[in-house]
Amino acid sequence: MTLELFIQYVFAGISYGAIYAIVAIGFNIIYNTTGIINFAQGEFVMLGGMISISLIEYTSLPFAIAGAVVITMIIGALIEMVFIRWLKGPSVLRMIIITIGLSILIREVALHIWGEGVRSLPYFIGDEITSVAIMGARVSPQVFCVLATCTIMMVLLGLFFKMTSVGREMRACAANRTAAILCGINTKNMVTFSFVLSAAIGALAGCVMSPITYSQYNIGTGLAIKGFTVAILGGLGSSGGAVIAGLLLGIIEAFSVSVLPLSFQEAISIAILLLILFIRPHGLFGSKDAAGLKEF
Amino acid sequence: MLKKYLPFIFFALFVVAVHLLTSTTGTIYYLTQMTMSAYYSLLVIGLCVVMGYAGQISLGHAGFFAIGGYLSAALTTSNLLEYKETAVVRLLDSMGMLMSGQDIYGDTIVVITPWFACIVAVLAAALLALLIGIPALKLKGHYLAMATLGFGIIIYRIVLATPYFGEADGISEVPAFVLFGDIAVSGDFTSRVENYYIAWILVFFGMILLCNLIDSRVGRALRAIHSAEDAADSMGVDTTGYKLKVFVLSAVFAALAGVFMTHYNGSIGPSEAGVMKSVRYVAIVAVGGMAHLWGALIMAVVLNFLSLRGVFGSYDDAVFGAILIVIMLFAPDGLLRINLRAKMAHVAALLPWRKREA
């Protein structure tokens with residue numbers, strides 16, 4: 001393998017990996033406040049991309065993206081309020097089935113609105129043939145947009161959870177729900193908020209990735225399962241772990257193309273998921289004892 | 001004693017009644033969808049034991065169905081004529097495992113017999129279920145759901161990307177499965193009634209097996225695992241062993257359904273392995289009331305029949321998604337159970353002697 005090809009794969013890997021990391025963080029935000037894995041997480045990414053593509057016919061790119069993120073946030077809030085908020089102590093099996101049902105419904109609605117076609121946003125800078133040379137490899141500027149957006153998003157999320165009172169309340173809710181209620185925190189609102197937040201970051205990721213990976217009504221399931229792989233790999237609930245694991249999975253996936261046909265790519269990342277689940281279900285960075293206390 | 005056999009008698013009467021009704025009203029074409037529903041039902045009742053009684057979710061059962069269907073289809077359609085002199089093919093030939101036929105161009109082909117292919121396919125599914133089940137069933141909740149979902153997607157990706165399995169086109173021209181004498185599983189119009197009964201007899205025996213299973217020591221152990229796994233474990237129930245056994249059993253049911261369905265349709269495509277199919281089976285078990293074999297069977301027949309008739313149109317998948325949500329939100333014990341119990345309680349409260357008792 002030449003150096004150029006190597007760098008090409010690395011860049012492809014980290015741009016996909018960054019998206020997986022964002023999806024994984026979306027899983028983590030909801031998991032931390034509710035103990036639920038939201039199987040519809042990938043659908044937020046799909047909705048972000050699809051809505052922004054529809055909006056761009058009427059407005060400029062920044063407004064289209066902002067509009068898509070806001071609409072997806074509203075959808076996220078509605079989902080939580082209509083389907084989850086009023087359930088009293090639902091079992092894990094019940095929550096899994098409800099969120100799977102939701103993901104199917106969202107996907108089918110998207111199919112009826114946007115059809116089966118593959119769509120994409122225009123490139124943010126230049127067009128599909130614009131590229132930047134890095135050590136002989138040609139890299140699209142969109143890759144840098146993806147990386148920059150994901151980095152900014154993670155920094156802002158970190159600040160949000162540390163600096164703002166809502167962020168601190170959400171963390172309190174994650175640490176000990178009963179104690180949070182006793183301290184006067186409205187945990188129900190925190191759950192709604194966690195859905196809104198993970199819908200927002202999912203949608204934004206969906207917008208920035210759209211020019212490179214395209215958007216289609218059915219991309220959600222694949223993203224969800226890879227995002228979940230990353231969340232587990234990094235230790236469920238840990239955002240720092242998710243970033244490292246995301247980049248790792250992205251790069252493994254990119255390099256797998258040089259060994260096996262492209263059509264097996266998804267099978268490879270899922271095989272990694274199974275391997276992790278079977279061997280180290282607490283993840284690469286998570287602690288086994290801490291994982292034992294959690295409720296899956 | 002009678003109570004135990006009553007559902008089976010009703011079941012048999014229903015199957016015969018549907019046949020008589022359709023043949024007298026000139027709507028015998030409904031039997032085609034009823035036959036296909038029967039095969040899906042076979043998978044669903046197997047899954048019902050895993051989900052409802054053992055309490056383990058599986059989002060990968062379409063994978064086992066596809067393994068059964070695809071292996072059977074591939075083995076009975078791939079021509080072994082050019083390998084005729086190899087030792088393996090000779091051995092198969094001497095054991096009577098080969099048959100010759102003609103392909104669509106009229107050329108002679110030599111293929112493996114459906115009986116042997118069926119046995120290989122079902123054994124393969126059982127073996128895979130064992131291999132996946134040993135590590136997967138140690139997982140719980142979300143992890144188990146994701147692991148089985150992942151398994152299903154891998155199978156889907158493999159059949160979609162392998163030329164041997166026909167890639168996106170699937171496998172067609174699958175020969176009829178001659179069970180014995182003149183009785184064969186095939187989509188031939190002249191044998192529609194015969195195939196209808198083959199399918200339902202298979203489901204009938206499946207139900208007898210599973211009903212006896214859940215009424216036995218195994219069934220009680222499974223229910224103990226469902227309600228409190230740790231408690232069951234400390235009472236000496238071999239939780240891992242029982243979970244694994246029913247998982248493998250359900251995989252065998254699914255693979256068998258896949259084999260028969262493929263020979264009945266004469267073809268199989270990658271959509272049979274899709275995630276939506278697995279989710280659909282879970283939806284049916286949920287609507288039927290999770291730990292309720294007859295409920296699962298009834299719902300499997302009704303919903304699959306409606307779906308195969310195209311009643312839901314392009315909203316087919318959406319309907320099953322909506323069913324999942326609505327059932328889990330409002331009637332986690334299933335559709336049949338909520339109605340019966342609420343009504344029974346209502347009626348009972350109106351009875352005069354109940355008041356005195358209170």
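Helices (H or I, at least four residues) and strands (E, at least two) are DSSP runs, numbered from the N terminus. On that basis the elements of chain A run α-α-α-α-β-β-α-α-α-α-α-α-α-α from the N terminus on. They come to 12 helices and two strands.

This is a predicted model, in which local features need pLDDT of at least 70, side-chain atom pairs count only at pLDDT 80 or more, and totals for chains, interfaces and linings use all residues. Residues are numbered from 1 along each chain as its sequence is written, while chains are lettered from A and ligands numbered from 1 in the order in which they are written.

## Confidence

The model scores ipTM 0.85 and pTM 0.87. pLDDT is the predictor's confidence in each residue, from 0 to 100. For chain B its mean is 85, and 92% of the residues reach 70 or more. Where pLDDT is low, the predicted coordinates should not be read in detail.

## The two chains

Chain B holds 15 helices and four strands. Its radius of gyration is 22 Å, close to the 21 Å that the globule rule gives for 358 residues, so chain B is as compact as a globular protein of that length. The radius is taken over C-alpha atoms, and the globule rule is 2.2 Å times the number of residues to the power 0.38.

Two terms are needed for the table. A residue is buried if 20 or more other C-beta atoms lie within 10 Å of its own, exposed if 12 or fewer, and partly exposed in between, with C-beta atoms placed from the backbone. Two residues are in contact if those C-beta atoms lie within 7 Å.

| Property | Chain A | Chain B |
|---|---|---|
| Extent of C-alpha atoms along principal axes | chain A: about 60 × 50 × 35 Å | chain B: roughly 85 × 55 × 40 Å |
| Buried residues | chain A: 50% of 296 residues | chain B: 47% of 358 residues |

## Helices of chain A

Helix H4(A) covers residues 92–114. Its 23 residues should span 33 Å at 1.5 Å a residue, and its end C-alpha atoms are 33 Å apart, which agrees. The expected span is 1.5 Å times one less than the number of residues. Just after H4(A) comes Gly115(A), with a positive phi of about 75°.Helix H9(A), residues 219–233, has 15 residues and reaches 21 Å from first C-alpha to last, close to the 21 Å expected. H9(A) is mostly covered, with 14 of its 15 residues buried. Gly235(A) follows H9(A) and has a positive phi, near 90°.

Leu157(A) lies in helix H5(A), residues 141–163. Leu157(A) has 17 other C-beta atoms within 10 Å, so it is partly exposed. Leu157(A) and Arg280(A) are 123 residues apart in sequence and 27 Å apart in space, C-alpha to C-alpha.

## The nonpolar core

A nonpolar core is a set of buried Ala, Val, Leu, Ile, Met, Phe, Trp, Tyr and Cys residues joined through C-beta atoms within 7 Å. The largest one here has 206 residues. Those with the most contacts inside it are Ala21(A), Val44(B), Ala255(B), Ala257(B) and Val285(B).

What does Ala21(A) touch, not counting residues up to four places away in sequence? Its partners are Cys150(A), Val230(A), Ala242(A), Val243(A), Gly246(A) and Leu247(A). In soluble globular proteins, nonpolar side chains tend to be buried together.

## The interface

How many residues of chain B are in contact with chain A? There are 34, and they meet 30 residues of chain A. On the side of chain B that touches chain A, the elements giving two or more residues are helices H6(B) (141–161), H11(B) (275–288) and H13(B) (316–330). H6(B) provides the largest share, 15 residues. The residues on this side of chain B divide into 27 nonpolar, four polar and three charged. Here Ala, Val, Leu, Ile, Met, Phe, Trp, Tyr, Cys and Pro count as nonpolar, Asp, Glu, Lys and Arg as charged, and the others, Gly among them, as polar.

## Two loop residues of chain B

Glu173(B) lies in the loop between H6(B) and strand E3(B) (177–180). Its phi is near 60°, a positive value in a residue other than glycine. Glu173(B) counts as partly exposed because it has 13 C-beta neighbours inside 10 Å.

Met290(B) lies in the loop between H11(B) and helix H12(B) (293–308). Met290(B) is not a glycine, yet its phi is positive, about 55°. Is Met290(B) buried or exposed? Met290(B) counts as buried, with 21 C-beta neighbours inside 10 Å.
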